[in-house]
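Here is a short report on how the parts of this structure meet. Look through the sequence and the model before reading on.

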Amino acid sequence: MALVLTEEQQMLRDSARGFLDEKAPVSALRKLRDANDETGFSRDLWKEMAEMGWAGILVGEDHGGTDFGFVGAGVLAEEMGRTLTASPFLSTSILAATALQKLGGDAQRQEHLPKISAGDAVFALAVDETRKHGPQKTAMKAEKHGNGFKLSGDKTFVADGQVADNIIVAARTAGAPGDAEGITLFLIDAAAKGVTAERTVMVDSRGAARLKFDGVEATGDDVLGEVDGGLAALEGVLNAGRAGLAAEMSGSAQAAFAMTMDYLKERKQFGTEIGSFQALQHRAAHLYSEIELMKSVTLKALQDLDEHYGMAGIICSLAKAKAGEVAKLAAQEAVQMHGGIGMTDEFDIGFYMKRIRVAQEMFGDAAFHADRLAMMRGY
Amino acid sequence: MSDLETFRKDARAWLEENCPAEMRDGAGGEDNICWGGRNWKFQSEAQKIWLGRMAEKGWTVPAWPKEYGGGGLSKEEVKILKSEMRDIKARSPLESFGIWMLGPALLKYGTHEQKLHFLPPITRGEIRWCQGYSEPNAGSDLASLQCKCEDKGDHWLVNGQKVWTSYADESDWIFCLVRTDPKATKHNGISFLLIDMAAQGVSTKPIKLISGKSPFCETFFDDVKVPKEHAPGIGAIVGDLNRGWDVAKYLLTHEREMISAGGGGLFGGRGIGEIAASEIGLEDGRLADPMLRGKIAQAEIDGWAFLLTLERMKDEAKAGQGVGANSSLLIYYGSEFNKRRFELLMDSGGSEALEWEGERTQDGKLARSWLRTKANSIEGGTSEVQLNIIAKHILRLPGA
Ligand SMILES: Cc1cc2nc3c(=O)[nH]c(=O)nc-3n(C[C@H](O)[C@H](O)[C@H](O)COP(=O)(O)OP(=O)(O)OC[C@H]3O[C@@H](n4cnc5c(N)ncnc54)[C@H](O)[C@@H]3O)c2cc1C
Ligand SMILES: Cc1cc2nc3c(=O)[nH]c(=O)nc-3n(C[C@H](O)[C@H](O)[C@H](O)COP(=O)(O)OP(=O)(O)OC[C@H]3O[C@@H](n4cnc5c(N)ncnc54)[C@H](O)[C@@H]3O)c2cc1C
C-alpha cells in the first residue's frame, strides 16, 4: 500500500482542519483550563464531532459508525493535535472502540458501540498502576467470587477517568505482576459500587483520574475478550492508542513548528529577522527533517493497524518512540526560538509543550518502546 | 500474459543463462565494483564475461536509449530487471561516473552527435570518466571556481587545478567545470568541458585518505590544449558556452536523486542490533552492554523511520504530492545516519574493530569503512549545505 493518504482521507483531513480551527482552537483549551472545568472537554463540541462521524470513526456501520479505519482515526488525532483540541477521542473512539470491536462479544458491541458512535458515552482505559507504563506489571486483582469476580486495586493516569461512564480495566485473574499471562480486561460501569475516581489536575489541563476499585463486583458478561487472555489482547488495544498518540503528537509538533517558522520570519533583532541567523536555520532544518521522519512512521503504523492489526506491535512502538522524541524536540525548540515570549502563559506555545509531555509519557515513553523494539529484534 | 510479465519471464531466463555463478554472490562494496576503462584489470574472468554480456544486451544502462548503447527499457521494465537481478544476487556489471553523471548530462544537454560518440563506450565499460568540479578554493561554494579556459580559435587552452577528483589517476576522460568568461558574474561564465586525460599537460597526484586508500587526486592542467571538436562535429563543450552551471546544477539534483534512491542500500545486510548481539553477546535476552543497547535501539528507530520516509517520498512523488527539495533532507539524514551507524558498529566491535592490518579483520575492513563514511556528509554537498538548502527552499527562511 502506498505510504500516502488516499483522496478520501485527505478530504477528511481538510474538513477536520477547517472545523477545528473554527470550533476548537487552542483558546478553547485555555478556557477550559481557566474555568477549572471538571469534564475537561466541551460536551456540545463532542456531540457535534459525533454527528460528523468522528466519535464512531473506528466503529462499523452496523453500529452507527463511519468505519474509516485507523488511518482515518489518525488523521483526526493529528488534526486535534494541531489545535490541542480536548475531547474523549483517544479514550473513547480509539481505545474503547478498538477494544470493543476486536474483543467484544455481540451483546457488548450491541450495547456500547452505538453509544460511542453517537457520542453518548465516554469510556476510559485503566491500565497503569505505577508511575511508569508497564501493562505487564498489572497487579490489580480480580478474584473469583461466586460466578463472577471481585476487583480490587488502584489505577493511575487514566485519561478521561474523571468523567467516564464506562471503564475498561486490566486486572489479574491469574499469575503475578510481571507475568504476561493471567491478565483479563473487564468492562465496568463507572457508577458501580466500589469504584471511586479522584480527578487529577494535569500539566496539560486535560481530564484524567486516579481510580480506586474496592471489591467491585463483575460477572462473566463484563469480561472483554477472554479470561486470562493475557497481555496480547491488551497490547493490541494499547498499540492503537500509541499510534493515535503518535498521530496527535505529530499534529502538535507540526503546529508548534509552523508557529516557530512564522516567528523566525517576523521577529527582528540585530536589525534583521532572527530567521536569517544560521544558528537557528540549521536547527530548524534539522527539526523539519525529524518531523518528516515522524510523519512517515506514524502513517505506516496506522496503515499496518488497518492491514495486519495483530502484527503492528513493533511499528506502533517505533511510531510512539519517534513521535515522542521529535515532538519533544519541536516543543523545546519552539520555546527556545521564541525567546522570552515563549515562556509566557499568554502565548500558546507552552500549551503544546505541556500536552506533548503528557502524550509522550502515556502508554510508554521513547525508552519503553526502544526497549520493546530491541526485545522484539532479539537483542 | 501481459507484456511486463513476458518481459519478466524472458529477463529471468536470460539472466539464468548468462550470469556467471561467481557473479551471483551479491557482493557490493567498493572492492567488488567493476569500474571499466582502458586501464581496468578485471578481478576475474567472470567479471569480464558478465560485463560483456550485459553490455551487449544494453543492460549496463537499461534505461538509456538503444541507439546510445542502452537497453531502451521503460521504467517498469528497469524495475523488473533490477528485481530479477536482486533475486539471483547478481552483481552490478558496471558502475561509473559516466553512468551516474556524464551520461544523464549528455542525454539532457548533449547533441545527438555527442551522444553517439561518447555514450556507447561508457555503456561497454571501455572509457572511464571522472568528475572535475571541486578546486582548492571552490568547494561548497562551487560557483567560485577559477580553472581558466581560453578560446584559442581551433582549441581551448586550459590552466588550473582541480582537487578531490575521485579516481582521476585511473580515468580516461574528465568532465570539468571551467571558467570561460572571467568577466561575467559568478554563475554565468562557467562551461562544461570534456577533456581527454591523456592530453599533454594533464597530470594527477593521488591524495591518501584517512582510510588509507587513495581514491582521489589533485588534477592539474598546464597549458592543456583541448580541441574544440574531439572529432568532426563532436564539440568539446556540453550545452551552451558559459551555461555550464545549468548542466552542473542539473547533475547535482540528479546526483542527489541517485543518492536518495539508493538510500536503502545504506542499510543492506544485518541490523546493528543483530551484529552487536553476535559480537558482544546477550545476558537474559538483552545485549550485554545495556547503555550501548539503548543507543542502538534509538538508532534503529531512526534508521527505520528514515527508510519509511524514502518510501513515503517516492510514493508522494508518484501521487504528484510532496516537495522537490526534499532530496536534501534525504541526503542530509541518510549520510548522518550512516556515520552514526558505523560509530555504533565500531562500538560493538570493540578493540577487535581497531585492528588495521592482518587477516583476522581483513586488513581492518570495518575500521576503514567507518572512516570512509565520514565523507558521506562532505562529498556531493556537505550536511551544512543540505541544511542551507532546506532552510532556503523548503522553510523559506530569510537571508538563507
Ligand atoms: C524568566 C525570565 C526572566 C527574565 N528576567 C529579566 C529581567 O529581570 N530583566 C530583564 O531586563 N530581562 C529579563 N528577561 C528577558 C531576557 O533577558 C530576554 O528574554 C532574553 O534576552 C532574550 O530576548 P528575547 O526574549 O527578546 O528573545 P529574542 O532576542 O527575540 O530571541 C529569540 C530567539 O532568537 C535567537 N537569537 C537572537 N539573536 C540571535 C543571533 N544573533 N544569533 C542566533 N540566534 C539569535 C535567540 O537565541 C532566541 O532563541 C527575562 C526573561 C525570562 C524568560
Ligand atoms: C570522498 C570524496 C570524494 C569526492 N569526489 C569528488 C569528485 O570526484 N569530484 C569533485 O569535483 N569533487 C569531489 N569531492 C569534493 C566534494 O564535493 C567537496 O569536498 C565538497 O563539496 C566540500 O567542499 P570542501 O571540501 O572545499 O569544503 P568547504 O566548502 O571548504 O567546507 C568546509 C566546512 O565548512 C562548511 N561550510 C561551507 N560553506 C558553508 C555555508 N555556506 N554554511 C555553513 N557551512 C558551510 C562545510 O559544510 C564544511 O563543514 C569529493 C569529496 C570527498 C570527501
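## Domains 2 and 3 of chain A

In this predicted model, domain 2 of chain A and domain 3 of chain A bury about 1,600 Å² between them. Carbon and sulfur atoms carry 71% of that area. Three residues of domain 2 stand out: His133(A), Phe157(A) and Asp204(A). They supply 33% of the area that domain 2 of chain A buries against domain 3 of chain A, more than any other three residues. The contact draws on 19 residues from domain 2 of chain A and 18 residues from domain 3 of chain A. Between the C-alpha centres of the two domains the distance is 29 Å.

Three salt bridges are counted between domain 2 of chain A and domain 3 of chain A. Separately, Lys132(A) and Glu361(A) form a salt bridge, with their closest N and O atoms 3.0 Å apart. On the domain 2 side, the elements giving two or more residues are β3 (148-159) and β5 (183-189) of chain A. By class, that side has ten nonpolar, five polar and four charged residues.

## How the chains are divided

Chain A is assigned three domains. They are domain 1 (7-121), domain 2 (125-230) and domain 3 (231-376). Chain B is also given a domain 1 (3-95), a domain 2 (129-243) and a domain 3 (262-394).

## Domains 2 and 3 of chain B

What area is buried between domain 2 of chain B and domain 3 of chain B? The value is about 450 Å², and carbon and sulfur atoms give 70% of it. In domain 2 of chain B, Ser140(B), Ile210(B) and Ser211(B) lose the most area to domain 3 of chain B. Together they make up 80% of what that side buries.

The C-alpha centres of these two domains lie 33 Å apart. Four residues from domain 2 of chain B meet six residues from domain 3 of chain B. The interface has zero salt bridges. It has one residue pair in polar contact. The domain 2 side has one nonpolar residue, three polar residues and no charged residues.

Chain A and chain B bury about 3,500 Å² between them. Carbon and sulfur atoms give 66% of this area. On the chain A side, Tyr288(A), Leu293(A) and Tyr379(A) lose the most area to chain B, together 21% of what that side buries. The contact takes 41 residues from chain A and 43 residues from chain B.

Five salt bridges are found across the interface of chain A and chain B. The side chains of Arg377(A) and Glu300(B) also meet in a salt bridge, at 3.1 Å from N to O. In polar contact across the interface are 19 residue pairs. Four helices of chain A each supply at least two residues to the side that touches chain B: α7 (231-266), α8 (278-307), α9 (313-337) and α11 (366-376). The largest share, 15 residues, comes from α8(A). By class, the chain A side has 22 nonpolar, ten polar and nine charged residues.

## Ligand 1

Which residues surround ligand 1? They are Arg267(A), Gln269(A), Phe270(A), Ile274(A), Phe277(A), Leu280(A), Gln336(A), Met337(A), Gly339(A), Gly340(A) and Met343(A).

For a backbone N or O atom of Gly340(A), the distance to a ligand oxygen is 2.6 Å.

## Ligand 2

Where does ligand 2 lie? Ligand 2 sits between chains A and B. It is surrounded by 19 residues, and the closest are Ser134(B), Ser140(B), Trp164(B), Thr382(B) and Glu384(B).

A polar backbone atom of Ser134(B) is 2.7 Å from an oxygen atom of ligand 2. A backbone N or O atom of Trp164(B) lies 3.1 Å from a nitrogen atom of ligand 2. Glu384(B) uses its side chain: an N or O atom there is 2.6 Å from an oxygen atom of ligand 2.

Terms used
Residues are numbered from 1 along each chain as its sequence is written. Chains are lettered from A and ligands numbered from 1 in the order in which they are written. Side-chain values use heavy atoms; hydrogens and water are left out. Contact means heavy atoms within 4.5 Å. Buried area is the accessible area (1.4 Å probe) that two parts lose on being put together, summed over both. A salt bridge is a side-chain nitrogen of Lys or Arg within 4 Å of a carboxyl oxygen of Asp or Glu. A polar contact is a pair of N or O atoms within 3.5 Å; within protein, one must be able to donate a hydrogen and the other to accept it, and residues adjacent in sequence count only if both atoms are side-chain atoms. Ala, Val, Leu, Ile, Met, Phe, Trp, Tyr, Cys and Pro count as nonpolar, Asp, Glu, Lys and Arg as charged, and the others, Gly among them, as polar. Domain bounds come from an automatic or database domain assignment. A residue is near a molecule or strand if one of its heavy atoms lies within 4 Å of it.
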